[in-house]
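Please look through the sequence and the model below.

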Amino acid sequence: MATVLTGATVVNASGSSLADVRIEGEKVTSIGVNLHRSTDTLIDASGCYLFPGGIDPHTHFDLDVGSTVTADDFASGTRAAAKGGTTTVIDFATQNKGETLAQALANWHAKADGRCSVDYGFHLAISDLNDSVLRELVSIVEQAGVSSVKLYMAYKRILQVDDGALLQTLQAARRLGILVGVHCENGDVIDVLAREAKAQGYLSPKYHALTRPVVAEREAVNRAVCLAEIAGARLYVVHVSSGAGLQVIREARSRGLEIYAETCPQYLLLDESRCEVDDFSAAKYVMSPPLRAIENQELLWAGIRDGSIATVGSDHCSFNFAGQKELGRDDFSKIPNGGPGVENRFGLLYSNGVAAAKIDIHQFVAVTSTNAAKLFGLYPRKGVIAVGSDADIVVWDPAVNSVISASTQKQHVDYNLYEGFQQVGKARHVFLRGRQIVKDGVVREESCGSYLARHAWNS
């Protein structure tokens, strides 16, 4: 018996059409008209869009940051993802100092396996590069299905790597056909500015942003681009927050370099005014990179329109305001960095992008699903509604309006960055590999996600 979705508009990054979609088992088997048979389950999706399931390439679930652990683990985080229309997440298996990459992956599998409501994969976040780790990369790519790594140019003495380590990783990535993601902020500069601020008694949350200026991002993006050019490697710049950083990427791309940019809803929709208040509520918005001046928002939207920005990830890294963000009440540098967003990413981009006529509906699909699938070794299994692809489908009802609120969210955190925002549309139903995991907006299937072994670019 099959399931047939009828009466909707099928929307891919490449185009759209009014058509029925037939699902058998885990796959899409037909797209067309009059596909149903007497034994099929019919779901009337008239007036709705059928989108490829969202792919969030940037989450941090069950992450120990030293002073505390993120509020969302893989169980709660992926339930929230499913409710919002995301059917795949790629989290960061983070190497602790002295660990092998295999140990880092084993740690993340122990956290995620059997607990996810959507499919999942891992980037490897490398913090301790040496010759042994470089050699290990070969087997990790071949045997563990990892096609991407991440390095940090920030968080000095914790995660930050030096230029030599970044260059060596880029060189290895070129040989292996994997993609290197980089957090681009100048950690050395930030460290000096933060110490200077605290020495002068500037301890409130707003100084987090003031000690991480746009120029620290722009410089780091430029340096990472130069190192990628030297290595002849592809580069993925995560969470670009400023027009200045994006312009460096745009210029590099104009010279033929394969540089890809990711941004996040917080940089498209929130601005530095959230952090400029003197009371501690600003701690909710402490994240890295920080929120920027409002004029950066339109520059980032323009980057989506012209293709300079390939993906929009949530950078979901949630901490409760009570008891977790409060760890930095007397020192901004002790506030855990990050905010929630995996549940709202898809709806925010539709509401403030498509419905607001900032981007078209095909660009929406590209940055929320298709481009991530292509960049991270999942396409065409994921990221497209096509015969033979996984039946990861969001039935999106554009006629439903709602208000985002922490009181109704699945995210296991005590606030929402987008409290009070209007959402246009809703994920009425969500299918993961043919299984209906959300029905009428309610998550009904849990712990059914599978680990995704991803292929390298040259495979």
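R22 stands opposite S30 in β5. This is a predicted model, in which local features need pLDDT of at least 70 and side-chain atom pairs count only at pLDDT 80 or more, while totals for chains, interfaces and linings use all residues. Residues are numbered from 1 along each chain as its sequence is written, and side-chain values use heavy atoms, with hydrogens and water left out.

The strand β4 covers residues 20-24, and β5 covers residues 27-32. Helices (H or I, at least four residues) and strands (E, at least two) are DSSP runs, numbered from the N terminus. Five bridges join β4 to β5, and the two run antiparallel; strands count as paired if DSSP finds at least two bridges between them. The hairpin that β4 and β5 form has two residues between the strands, and G25 there takes a positive phi near 65°.

β4 also pairs with β1 (residues 3-6): three bridges join them, again in an antiparallel arrangement. Here T3 stands opposite I23 in β4. How many of the five residues of β4 are buried? Four are, and the strand is thus described as mostly covered. Buried means under 20% relative accessible area, exposed means over 50%, and partly exposed lies in between (1.4 Å probe, protein chains only). In a regular strand the side chains alternate between the two faces of the sheet.

Another site lies in the loop between β16 (393-403) and β17 (422-432), where S405 is found. S405 counts as buried because its relative accessibility is 15%. Its side chain makes a polar contact with the side chain of S407 at 2.7 Å. The side chain of S405 also makes a polar contact with that of E419, at 3.1 Å. A polar contact is a pair of N or O atoms within 3.5 Å; within protein, one must be able to donate a hydrogen and the other to accept it, and residues adjacent in sequence count only if both atoms are side-chain atoms.

The protein chain as a whole has 12 helices and 19 strands. Its radius of gyration, taken over C-alpha atoms, is 21 Å, close to the 23 Å that the globule rule gives for 459 residues, so the chain is as compact as a globular protein of that length. That rule is 2.2 Å times the number of residues to the power 0.38. The C-alpha atoms fill a box of roughly 75 × 50 × 40 Å along the principal axes. Buried residues make up 61% of the 459.
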